[in-house]
Amino acid sequence: MNGYDFDETILKGNSVRRFFLYCWARLPYLFIYLPVLLAAVIFKRCLSSNAFYNMLTYFVKLVPNKEKFVRKYWDKHINKIQRWYLDQQRDDDIIISASPLYLVEEACNRIGARCIATPVDLKTSKVIGGNHCYGTQKPIFYRQQFGDAPLETFYSDSMSDEPMFKLAKRGYLVKGDKITLIYQDGVLLDKDKQVRVNG
């Protein structure tokens, strides 16, 4: 199995930010939520990952017909999936994302990939179970669904996914369409041994 982060990895850009802008364009009253988003970005380093993501995604509570908005959003944005990913996609791919499950799962269903993401109650915008699927939590979420099933590769744009790089046989750092092998068998490769494989 191959594993992938979602935002800024197989998706160009960030799905939560784009979903907020999509909703704001159709629901102008969401401007009242801008100070909260700005505060989340400004004070990110002072916040726990759970608090940060709660602040980013709570606006959904103010959106009516949430499932319809999600579907319409992906009607417009599913073309942001990276070409390099579609070219190498396999039937057993797993997308593992910190973003809300209700948002990522719709995209994964459309491209035919399995999905692990942060479970969020759409009505309350609260995380179900209390933990975001982020950083050290990602391997926990993975094992809850797949046990000790080996992961051949993991691709991510961020070193916050180092726990997943260590879990996979090979870990790839993604910057746009530039992909570099940086982990092998759970070990960070020296810079002179890291291999650019694309871009």
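Predicted model: local features only at pLDDT ≥ 70, side-chain atom pairs only at ≥ 80, totals over all residues.
Local features need pLDDT of at least 70 and side-chain atom pairs count only at pLDDT 80 or more, while totals for chains, interfaces and linings use all residues. Residues are numbered from 1 along each chain as its sequence is written, and side-chain values use heavy atoms, without hydrogens and water.

Helix H1 spans residues 15–26. Helices (H or I, at least four residues) and strands (E, at least two) are DSSP runs, numbered from the N terminus. From first C-alpha to last, the twelve residues of H1 reach 17 Å. This is close to the 16 Å expected at 1.5 Å a residue, the expected span being 1.5 Å times one less than the number of residues.

Ser15, Val16, Phe19, Phe20, Tyr22 and Cys23 of H1 are buried (under 20% relative accessible area; exposed is over 50%, partly exposed in between; 1.4 Å probe, protein chains only). Seen down the axis, these residues fall within an arc of 165°, so they line one face of H1. The arc is taken from the directions from the helix axis to the C-beta atoms. The buried residues pack against helices H2, H3, H4 and H6 and strand S2. Arg17 and Ala25 are exposed on the face turned away from the buried side.

Serine 156 lies in strand S4, residues 153–156. Its relative accessibility is 0%, so serine 156 counts as buried. Beyond neighbours within four places in sequence, its contacts (heavy atoms within 4.5 Å) include Asp5, Thr9, Phe165 and Tyr172.
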